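Here is a friendly walk through one structure, written for someone who likes to check geometry and contacts by eye. Have the viewer open as you read.

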Amino acid sequence: MISVEEAQARILCNSSRLSEEQVYLLDATGRVLARDLRASIDLPPFDNSSMDGYAIHAGDSLDAHEAHPIALTVDGLVQAGHPAMNPLPARSARKIMTGAPLPPEADAVVAIEEVERRESCIVLHHPVKRGSLIRQRGQDTRQGATLLAAGTVLNSARIGLLASQGVILVPVTRKPRVAILATGDELVEPGQTLLPGQIPNSNSYALSAAVMESGGIALRYPAVADRREAVAEALHQAASEADIVLSSGGVSVGDYDLVKSVLQTMGQLDFWRVDMKPGKPLASGFLGKTPFLGLPGNPVSALVTFELFARPLIRSLLGDTDWPRPVISLPLAQEFSEISDRRHYVRVAIRADANGALMAWPTGPQDSHLQTSWTNAQGLMIIPPHQGRLPQGSIWPVMLLKA
Ligand code: AMP
Ligand code: MG
């Protein structure tokens with residue numbers, strides 16, 4: 001039995017980033033940038049006003065004082081979206097709107113609210129500093145500087161940054177195609193009438209959704225019967241169509257748990273069993289060159305092992321440089337007494353107590369068939385093996401399930 005860290009390292013060591021494709025800017029939302037992008041223009045592209053006001057020469061205002069106001073002649077107006085016209089003459093002011101280009105030779109802007117308007121003049125009662133209310137060209141980004149690095153996940157802020165650079169086609173890593181094979185004679189499609197002993201194939205749907213949430217394309221296959229030839233045929237087909245093959249069920253020690261031995265015959269088993277609860281029976285290996293993860297069948301085990309092993313693999317094929325979930329320390333809101341001889345990933349809800357301090361609440365009994373223990377969780381509290389009862393208030397690391 002190997003540790004979670006070793007299992008992760010072995011799964012990721014052979015994974016390399018997939019090829020890139022160009023997508024339209026908005027379709028790049030949530031995708032991973034495949035190459036460093038450099039700024040093609042300065043941002044802001046020109047000096048401009050940060051408020052509605054008057055562009056002036058700061059030097060003209062040096063001696064302004066409550067007792068000695070200074071009047072400047074208003075020589076026109078610059079509107080956003082229009083050029084600034086001729087240079088600003090001495091002892092003049094030009095009305096300027098937010099975002100409008102600064103007239104040549106002007107070096108400060110004074111806000112409308114700060115001046116007194118008298119017919120064709122403005123009157124200043126105090127000096128204005130050079131550079132006031134001016135957004136300088138290149139202050140945000142300089143032409144040629146790295147704008148976004150390869151491996152960055154494109155969110156709304158970054159999409160906006162690309163748009164302001166005029167980028168409309170974005171090089172992103174293509175999405176990994178992830179085959180999902182659920183095994184088990186008991187499985188029927190959700191919605192079908194259940195005969196005695198049958199259950200809906202919920203893992204196929206849960207794992208497909210998890211693949212999509214992780215940035216992959218889910219290829220959902222029909223449930224596979226617990227027969228050696230059926231498992232072999234399904235694995236063979238999936239490996240030829242996908243970048244990653246995931247299965248659920250059939251990796252434990254039951255008489256009909258065939259996935260591991262079929263994998264050994266058709267491909268290569270790298271390891272089986274990880275020191276964790278839930279999810280000990282995890283089989284990892286290759287079908288030809290295609291990475292394969294045999295996830296356990298219990299619904300919570302399937303999703304927890306997906307989170308710890310399949311999601312990192314998908315993110316690293318995408319070239320995401322920042323895939324690990326944040327881990328924070330949180331106190332237990334109540335005593336926890338389920339003792340485990342393996343590292344226990346306890347599903348917890350995270351809520352503030354009456355004083356506003358964040359606490360972790362175990363989501364009820366933690367058996368791996370109890371789906372609500374997972375649906376109500378926002379984090380996984382990581383408890384080392386062989387702990388006794390964990391007292392209320394004791395502090396443990398919690399992996400956050402959403403960044
Ligand atoms: P197994 O590892 O195949 O023995 O499955 C362990 C448990 O998970 C059994 O109770 C199965 O019925 C259940 N299970 C296996 N596959 C699925 C699935 N696709 N959807 C829901 N439950 C499943
Ligand atoms: Mg089974």
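The expected span of a helix is 1.5 Å times one less than its number of residues. Helices (H or I, at least four residues) and strands (E, at least two) are DSSP runs, numbered from the N terminus. A word on conventions: this is a predicted model, in which local features need pLDDT of at least 70 and side-chain atom pairs count only at pLDDT 80 or more, while totals for chains, interfaces and linings use all residues. Residues are numbered from 1 along each chain as its sequence is written, chains are lettered from A and ligands numbered from 1 in the order in which they are written, and side-chain values use heavy atoms, with hydrogens and water left out.

Helix H3 covers residues 202–213, and its 12 residues should span 16 Å at 1.5 Å a residue; the end C-alpha atoms are 17 Å apart, which agrees. Buried means under 20% relative accessible area, exposed over 50%, and partly exposed in between (1.4 Å probe, protein chains only). Which residues of H3 are buried? They are Asn203, Ser204, Leu207, Ser208, Ala210 and Val211. These residues cover an arc of only 160° around the axis, which puts them on the same side of H3; the arc is that of the directions from the helix axis to the C-beta atoms. An α-helix has 3.6 residues a turn, so residues three or four places apart point the same way. On the face turned away from the buried side, H3 carries the exposed residues Met212 and Glu213.

What do the buried residues of H3 pack against? Their partners are strands S13 (177–182), S16 (217–220), S17 (244–248) and S21 (290–295), together with helix H6 (299–318). Contact here means heavy atoms within 4.5 Å.

After H3 comes glycine 215, with a positive phi near 95°. Serine 214 sits in the loop between H3 and S16, and it counts as buried at 4% relative accessibility. Leaving out residues up to four places away in sequence, serine 214 touches Phe306, Arg311, Ile314, Arg315 and Leu318.

Helix H6 is mostly covered, with 20 of its 20 residues buried. H6 also bends by about 45° at phenylalanine 306, where the bend is the angle between axes fitted to the seven residues ending there and the seven starting there. Just after H6, glycine 319 takes a positive phi of about 80°.

**Polar contacts and the ligand**

A polar contact is a pair of N or O atoms within 3.5 Å; within protein, one must be able to donate a hydrogen and the other to accept it, and residues adjacent in sequence count only if both atoms are side-chain atoms.

| Side chain | Backbone oxygen | Distance |
|---|---|---|
| Serine 214 | Alanine 210 | 2.7 Å |
| Glutamine 392 | Alanine 333 | 3.1 Å |
| Serine 340 | Arginine 342 | 2.8 Å |

Glutamine 392 belongs to the loop between strand S25 (379–383) and strand S26 (395–400), and it counts as exposed at 57% relative accessibility. Apart from neighbours within four places in sequence, glutamine 392 is in contact with Leu332, Ala333, Gln334 and Glu335.

Serine 340 lies in the loop between strand S22 (327–331) and strand S23 (343–352). With a relative accessible area of 8%, serine 340 is buried. Not counting residues up to four places away in sequence, serine 340 touches Lys277, Pro385 and His386.

**Backbone details to check**

Methionine 85 has a positive phi of about 70° although it is not a glycine, and it is partly exposed, with a relative accessible area of 47%. Glutamate 119, also not a glycine, has a positive phi of about 45° and counts as exposed at 78% relative accessibility.
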